[in-house]
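Please read this note beside the sequence and the model. It is written for someone meeting the structure for the first time.

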Amino acid sequence: MASLGKTFLAIGCLAAVTACGESGGAAVQTSETGAAVQTSRSGTGATAQTTKTVETAETPTPAPTPTRTAPPAFTSKVSKVTRAQVPYSWRPGCPVPLGDLRMVTMTYWGFDDRAHTGELVVHKAVTDDIQKVFKRLYGWRFPIKKMERVDAYKGDDFDSIEANNTSAFNCRPATGSSSWSKHAYGRAIDINPRENPYVTADGSVAHKNARKFADRPVDAPGVINPGDRVVRAFESLGWEWGGYWSGTKDYQHFSKGGG
Ligand SMILES: [Zn+2]
């Protein structure tokens, strides 16, 4: 209805320029009600005063559509992964065939208090888990900085972490090890690596921007703390949190079945 009124008003303005003239701002403001459109078309001039009269009219018009709309509902989509989508993070010889990987494209809540769409590459066996947990995180408005394929960083884990990117699949060895990481199987995810750093047993953090988040608990947006609802959401689906490791702590890391 409102958009019909606007269209009508625009045509009216074209036909009778003098009736619209400087009052264009007021006319647009009032065009959301049928009454306002009528006023401006009558040629009496849609002054601010006229606008006020219209707004307080007794006509029980429904409230106009709010201009600030509610955040969108959570959506997610699972699709196959093509070679072109993972040029750096996958290669022949990885422990997971390309055909077993899936792209989960889904809504996440940003630190800017807005909804965004991100991508996570995971093993096909865990797509349901991922969608369930991230739907809950979104419902809690748990903020996530970024959610891009690690290929946006040429598969470089350090660069992805430095950019505070949330990511999952990456065919790489475990940090400080020669064996495959759970990420190489698409069964691990790192969330907000800046707020949730990898802390070695002696307390050092490789990323300067993450050092102030080295201790737990930390009361700050995007942080994962022992026993909190993020940890419990993953645990309920059989995922283990790296924050519970002894010695080294990996606060960003969740993996299906541990490791
Ligand atoms: Zn990890």
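The points below go from the overall picture to single residues.

1. Overall content. The model is predicted. The protein's secondary structure comes to 8 helices and 8 strands. Of its 259 residues, 36% count as buried. Among contacts with a separation of 6 or more, 54% are between residues 24 or more positions apart.

2. Three strands form an open sheet in the order 1-2-3, with antiparallel pairing. Strand 1 (76-80) and strand 3 are at the edges; each has a single partner strand, so one side of each is left without a neighbour in the sheet. From one strand to the next, the twist averages 25°.

3. The pairing of strands 2 and 3. Strand 2 covers residues 101-109 and strand 3 covers residues 115-123; the two run antiparallel and are joined by 9 bridges. Arg102 has Val122 of strand 3 as its bridge partner, and Met106 stands opposite Gly118 in strand 3.

4. The helix on the sheet. Helix 6, residues 127-139, lies across strand 1, strand 2 and strand 3. Its direction is at about 5° to strand 2.

5. In soluble globular proteins, nonpolar side chains tend to be buried together. Here the largest nonpolar core has 40 residues, and those with the most contacts inside it are Leu120, Val121 and Val122. Two or more residues each are given to this core by strand 2, strand 3, helix 6, strand 4 (188-190), helix 8 (229-235) and strand 6 (239-241). Strand 2 supplies the largest share, 6 residues.

6. The surroundings of Val122. Which residues is Val122 in contact with, leaving aside its neighbours within four places in sequence? They are Arg102, Val104, Thr127, Ile130, Ala168, Phe169 and Gly186. Arg102 is also the bridge partner of Val122. Val122 is one of the residues with the most contacts inside the largest nonpolar core.

7. Backbone exceptions to check. Most residues other than glycine have a negative phi, and most peptide bonds are trans.

8. Asp113. This residue lies in the loop between strand 2 and strand 3, a hairpin with 5 residues between the strands. Asp113 has a positive phi of about 60° although it is not a glycine. Is Asp113 buried or exposed? Asp113 has 10 other C-beta atoms within 10 Å, and a residue with 12 or fewer counts as exposed, so Asp113 is exposed.

9. Asn164. Asn164 is also a residue other than glycine with a positive phi, near 60°. Its place is the loop between helix 7 (157-162) and strand 4. Asn164 has 20 other C-beta atoms within 10 Å; the cut-off for a buried residue is 20 or more, so Asn164 is buried. Asp113, by contrast, is exposed.

10. The cis peptide bond. Where in the chain is Pro217 found? Pro217 is in the loop between strand 5 (198-199) and helix 8. The peptide bond that joins Arg216 and Pro217 is cis, with omega about -10°.

Conventions. Residues numbered from 1 in each chain as written. Predicted model: local features only at pLDDT ≥ 70, side-chain atom pairs only at ≥ 80, totals over all residues. Pairing = 2+ DSSP bridges. Helix = DSSP H or I, 4+ residues; strand = E, 2+ residues; numbered from the N terminus. Axes fitted to C-alpha atoms, helices over the stretch in contact; angles between N-to-C directions. Contact = placed C-beta atoms within 7 Å. Core = buried A, V, L, I, M, F, W, Y, C linked by C-beta atoms within 7 Å.
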